[in-house]
Each structure stands twice: as structure tokens, then as C-alpha cells.
Amino acid sequence: MFAEGSYWQERIAVTGEKARLEALIPRPARFSPDGSERAAEFVISPRATKQEQREVVPVPEHILAAGDHHGSTYFQHERFRDLVLAGIGKPEVTVGDGYWSVLVGEAAEQSARTGMAVDLRGKGP
């Protein structure tokens, strides 16, 4: 969050036995030094081949303009609208998800202040 100065505003990586997967989301164009939009990328780095594979993820301009996080807010709001108005789909997050979000945020703050790890085992709803 709030990494507007970095090349990739959001970077999510999952590393497993066979590969590392990364979703790379650029900052919004309004935070870009030249005001231009860049494409998101998905990267697969298989351990076996050691050959990184990059895929550009195009997002239509009207969706980029509808919200930050490279259009993901648009898709989230669209699904929420469909759920509320037409009963299509199911909630993507639960009260438990919200609880864990707050718990992890508080633990991160505590860890940053104290320099110590915070044990969350047994803290679930």
C-alpha cells in the first residue's frame, strides 16, 4: 500500500516447490513521472527450466479509469453490485476475513514498534 514511488505499486509473489509466481501491478498513471499508464505483468519462474516467463496483462482504458489497483477495484465493485442487485455470485470475503485483516494489521504495527515477531496462533475467530 502507498508505494506510489516504486516501479510496481503492488507485487504479490507465491513461491512453491515447482515455481515462483508473481503478479506485478504498476502505479496509477497519475503517479507516474510521465503520466503514462503501464501494463501489469504476470511472471512464472519455473525451478526446472530456470527460464522466466513474462506475460503482459492488458486492461481496457475505461477500466483503468474506473479505479485504482490497475482496474481491480472496478471488477470488485462490479461483482459486489451483481451480488447485491441480482443475487449473482457469493460474497468474496467473510467476517472472518475481515477479522484476520485487522488482526494481521495490528500484529504488523506491534512488530514494527517492538522489533519482535507476533504469534497469532490461537487468535482466530
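P91 is exposed, with a relative accessible area of 55%, where exposed means over 50%, buried under 20% and partly exposed in between, calculated with a 1.4 Å probe on protein chains only. The model is a predicted one, in which local features need pLDDT of at least 70 and side-chain atom pairs count only at pLDDT 80 or more, while totals for chains, interfaces and linings use all residues. Residues are numbered from 1 along each chain as its sequence is written, and side-chain values use heavy atoms, with hydrogens and water left out.

P91 is placed in the loop between α2 and α3 (95-114), the elements being DSSP runs numbered from the N terminus, with helices (H or I) of at least four residues and strands (E) of at least two. Between P91 and I25, which are 66 residues apart in sequence, the C-alpha to C-alpha separation is 24 Å.

P91 also belongs to the lining of the largest pocket, together with Q76, R79, F80, D82, L83, I88, G89, K90, E92 and V93. A pocket here is an open set of points on a 1 Å grid over the protein atoms alone, with protein on both sides within 12 Å along at least five of seven lines, where a 1.4 Å probe fits; lining residues have an atom within 4 Å of a point. The volume of the largest pocket is about 210 Å³, a volume being the space filled by probe spheres set on the points, which are joined across faces, edges and corners. Sorted by class, its lining consists of five nonpolar, two polar and four charged residues, with Ala, Val, Leu, Ile, Met, Phe, Trp, Tyr, Cys and Pro taken as nonpolar, Asp, Glu, Lys and Arg as charged, and the others, Gly among them, as polar.

One of these lining residues, D82, forms a salt bridge with R81 at 2.7 Å, N to O, a salt bridge being a side-chain nitrogen of Lys or Arg within 4 Å of a carboxyl oxygen of Asp or Glu. D82 is partly exposed at 24% relative accessible area, and R81 is likewise partly exposed, at 43%. The count of salt bridges comes to eight. Among them, R54 pairs with E52, with the closest N and O atoms 2.9 Å apart; R54 is partly exposed at 47% relative accessibility and E52 partly exposed at 45%. R121 and D119 form another, their closest N and O atoms being 2.9 Å apart, and here R121 is exposed at 70%, whereas D119 is partly exposed at 43%.

P46 lies in strand β3 (residues 40-46) and is buried, at 15% relative accessibility. The C-alpha atoms of P46 and T15, 31 residues apart along the chain, are 9.9 Å from each other. K50, by contrast, is exposed at 68% relative accessible area, and its place is in the loop between β3 and β4 (53-57). Most residues other than glycine have a negative phi. The phi of K50, however, is near 55°, a positive value in a residue other than glycine.
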